[in-house]
Structures are given as C-alpha cells and as structure tokens.
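Please open the model in your viewer, keep the sequence panel beside it, and follow the selections below in the order in which they are given.

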Amino acid sequence: MQHRQAKDAGSRTDPVTPASVPETLDFVEREKLYGLSCGKVGMTLLASPLITPGATL
C-alpha cells in the first residue's frame, strides 16, 4: 500500500510574535474584553497575531 502525503494549507502555521503582558492588557482594554472569564493565556493568544505583521486570526 502506498502512502500519500496530503498537503493542507489550513494546517500550516507560521510563528507569531508573542504579545507581552502590557500589549495584552492594552488589547483587553481597547477591545473591552474584560469580565469575559478569559484568562491571560487566552487573551495573549488572541492578541499575538494582531501585533505580528501579516498574521491573521
């Protein structure tokens, strides 16, 4: 049986610049995301692509 490698463009990820704590806090304030029960890690993951040139969510 031959194995084929499927190339899925949706599975490729490029590195993003991790948002710092001040950048994450600024993001939360600017987007009014406080009080939504989302923690530091989740907010940092949301903020990081926004500070990385060419990155999208």
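Predicted model: local features only at pLDDT ≥ 70, side-chain atom pairs only at ≥ 80, totals over all residues.

Residues are numbered from 1 along each chain as its sequence is written, and side-chain values use heavy atoms, with hydrogens and water left out.

**The whole chain**

Switch to a cartoon view, where the chain shows two helices and zero strands; helices (H or I, at least four residues) and strands (E, at least two) are DSSP runs, numbered from the N terminus. Of the 57 residues in the chain, 19% are buried, where buried means under 20% relative accessible area, exposed over 50%, and partly exposed in between (1.4 Å probe, protein chains only). Contact means heavy atoms within 4.5 Å, and among contacts in the chain between residues at least 6 apart in sequence, 47% join residues at least 24 apart.

**Helix H1**

Select residues 21-30, which form helix H1. Which residues of H1 are buried? They are Thr-24, Phe-27 and Val-28, and they lie on the same side of H1 because they cover an arc of only 95 degrees around the axis, the arc being that of the directions from the helix axis to the C-beta atoms. On the face turned away from that buried side, H1 carries the exposed residues Pro-22, Leu-25 and Glu-29. The cover over the buried residues of H1 includes H2.

Leaving aside neighbours within four places in sequence, Thr-24 is in contact with Ala-19, Met-43, Thr-44 and Ala-47. Its side chain also makes a polar contact with the side chain of Thr-44, at 3.5 Å; a polar contact is a pair of N or O atoms within 3.5 Å, and within protein one must be able to donate a hydrogen and the other to accept it, while residues adjacent in sequence count only if both atoms are side-chain atoms.

**The charged residues**

Next, show the side chains of Asp-26, Arg-30 and Glu-31, which are linked in a network of salt bridges. A salt bridge is a side-chain nitrogen of Lys or Arg within 4 Å of a carboxyl oxygen of Asp or Glu, and a search of the whole structure finds two of them. In one, the side chains of Arg-30 and Asp-26 meet at 2.8 Å, N to O, and these residues, being four apart in helix H1, are separated by about one helical turn. In another, Arg-30 pairs with Glu-31, the closest N and O atoms being 3.5 Å apart. Arg-30 is partly exposed at 46% relative accessible area, as are Asp-26 at 44% and Glu-31 at 42%.

**The loop between the helices**

Move on to Lys-32, in the loop between H1 and H2, where this residue, just after H1, takes a positive phi of about 55 degrees. Most residues other than glycine have a negative phi. Lys-32 is exposed, with a relative accessible area of 59%. Further along, Ser-37 lies in the loop between H1 and H2 and has a positive phi of about 60 degrees although it is not a glycine; at 79% relative accessibility, Ser-37 counts as exposed.

Select helix H2, residues 40-47, in which Met-43, Thr-44 and Ala-47 are buried. They sit on the same side of H2, since they cover an arc of only 100 degrees around the axis. Val-41 and Leu-45, on the other side of H2, are exposed. Helix H1 is part of what covers the buried residues of H2.

Finally, which residues make up the largest nonpolar core? Select Ala-19, Phe-27, Val-28, Leu-33, Met-43 and Ala-47, six residues in all; a nonpolar core is a set of buried Ala, Val, Leu, Ile, Met, Phe, Trp, Tyr and Cys residues joined through side-chain atoms within 4.5 Å. H1 and H2 are the elements that give two or more residues to this core. End on Ala-47, which, not counting residues up to four places away in sequence, touches Ala-19, Thr-24 and Phe-27.
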